[in-house]
Amino acid sequence: MLEWVSEVFWQERLWFPEGLGWADLEDRDGQVYAKARDLWVALPIAVLFLVIRQVFERYVATPLASLLGLKETVRRRVTHNLMLESYYCNTTKNPTPVRMLQPTLSQEHTSSLSAVCVCALQGSVEKLSEQTGWTERQVQRWFRRRRNQDRPNLLKKFCEASWRFAFYLLAFIGGLVALIDKPWLYDLKEMWKGFPTLTLLPSQYWYYMLELGFYTSLLFSLASDVKRKDFREQVIHHVATILLISFSWCVNYIRAGTLIMFMHDSADYLLESAKMFNYARWKNACNYIFILFAAIFIVTRLIIFPFRIMYCTWVYPVTLYPPFFGYYFFNGLLMVLLCLHVFWAALIIRLAFRFLSNNINSHTGLGRHEVVGRRREVRPRGDGRVRGGRTDEKWRDKEKRTSSEWPRYT
């Protein structure tokens, strides 16, 4: 059974254009080509990255965080209570008192509630208070501290961002060194010259294995890392990246693969450095770096990636050979990455506008109601003066100057 699956999986018509096959990638005359078995090297590299990461976060990232003024906050641990702990883990982490739910329910809806729903409503703070013998305030305080106890602290987030920053920066520099003298960096059509018999260079070998090992280690550490809102997208991104790197290696799409990895590394280290400064409360540095990252991200992943690189992997190859399964599979993975780029670009642009509005607010000293266009209500006093000692005419002049000098964000 396994032998049949292996034969079907490694069929030459799935991986190569017509007339080409695995025999064309056999080493000969001192020329070395990529082999599928080389990918096993990425597993020990991934394990090595996990070990190096622990050492880096402890002896490099933590002292760096202290140097930037970030200290680990010690949170008070809750008193052990088996009943509340079971309710916290199995039911909800934020029980709501019944009296807070009643105003939101009309009499018609309340009368139509089933007995099960009524029991569910009663099984909140009041019921827990009766079962534990604690006051409602003590129960609410316990749940609040228990939620804070599970919340990841800034130091852990800073260490994770520092590790990714260090790798992405080194990977970007390494990719630049490996590609700076290659013709396909400047003329993308050169990536298909001589395909598939493209000789493997030592720099390409290590660039691939280190990138593949790093993303494999990120996939392994997702369970222990801080869980973020885009957790699912991160899983999809890591899996698609690993498949893309592995497949491009097997079919000798190495030149295209190195360009794609280099393009991604060109912006990622800026994002991680912005996160580091954000956790350290260096707001100005964070904002400026994030704006620079947003600009590079949009240019590289929404302009260069789809209109230059994907053009040379989707349109140009069909002029050289007929499409085959590997062609569609490779470009399908690139489409997955492009969809993730669009998703993240929307989040990045929204954050960038938020940073810009905060900078305008901080530089001008205006209140939030003036920046977003809200009017502060001015009530006259009995003596004809307005509160705060400002007349209506002066207030209107102030607003007129503000509106003419600064844009308003809604």
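Does Arg53 count as buried or exposed, and at what relative accessibility? Arg53 counts as buried, at 6% relative accessibility. Buried means under 20% relative accessible area, exposed over 50%, and partly exposed in between (1.4 Å probe, protein chains only).

## Basis and confidence

This is a predicted model: local features need pLDDT of at least 70, side-chain atom pairs count only at pLDDT 80 or more, and totals for chains, interfaces and linings use all residues. Residues are numbered from 1 along each chain as its sequence is written, and side-chain values use heavy atoms, with hydrogens and water left out.

The chain averages a pLDDT of 76. At least 70 is scored by 78% of the residues. pLDDT is the predictor's confidence in each residue, from 0 to 100. Among the elements of the chain, helix α3 has the highest mean, 93. Helix α16 (residues 368-371) has the lowest, 39.

Residues 99-123 have pLDDT below 50, with 13 contacts beyond near neighbours in sequence. Over residues 366-410 pLDDT also stays under 50. The model has 41 contacts beyond four places in sequence for residues 366-410. Where pLDDT is low, the predicted coordinates should not be read in detail.

## The α3/α11 crossing

Helices here are DSSP runs (H or I, at least four residues), numbered from the N terminus. The axes of α3 (residues 42-67) and α11 (residues 202-220) come within 8 Å and cross at roughly 60°. That makes α3 oblique to α11. Axes are lines fitted to C-alpha atoms over the stretch in contact, with angles from 0 to 180 degrees between N-to-C directions. Under 35 degrees is roughly parallel, over 145 roughly antiparallel, 65 to 115 roughly perpendicular, and the rest oblique.

On the α3 side, the contact is made by Ala42, Leu43, Ile45, Ala46, Phe49 and Leu50. Among the α11 residues are Met209, Leu210, Gly213 and Phe220. Contact means heavy atoms within 4.5 Å. The contact residues divide into 11 nonpolar, 3 polar and no charged. Nonpolar covers Ala, Val, Leu, Ile, Met, Phe, Trp, Tyr, Cys and Pro; charged covers Asp, Glu, Lys and Arg; the others, Gly among them, are polar.

Arg53 lies in α3. Beyond four places in sequence, Arg53 touches Glu160, Trp163, Ser221 and Asp225.

Gln204 sits in α11. Gln204 is buried, with a relative accessible area of 6%. Its contacts beyond four places in sequence include Trp184, Trp249 and Arg255.

Tyr208 is also in α11 and is buried at 1% relative accessibility. Tyr208 and Leu39 are 169 residues apart in sequence but 9.1 Å apart in space, C-alpha to C-alpha.

Definitions and conventions
Helices (H or I, at least four residues) and strands (E, at least two) are DSSP runs, numbered from the N terminus.
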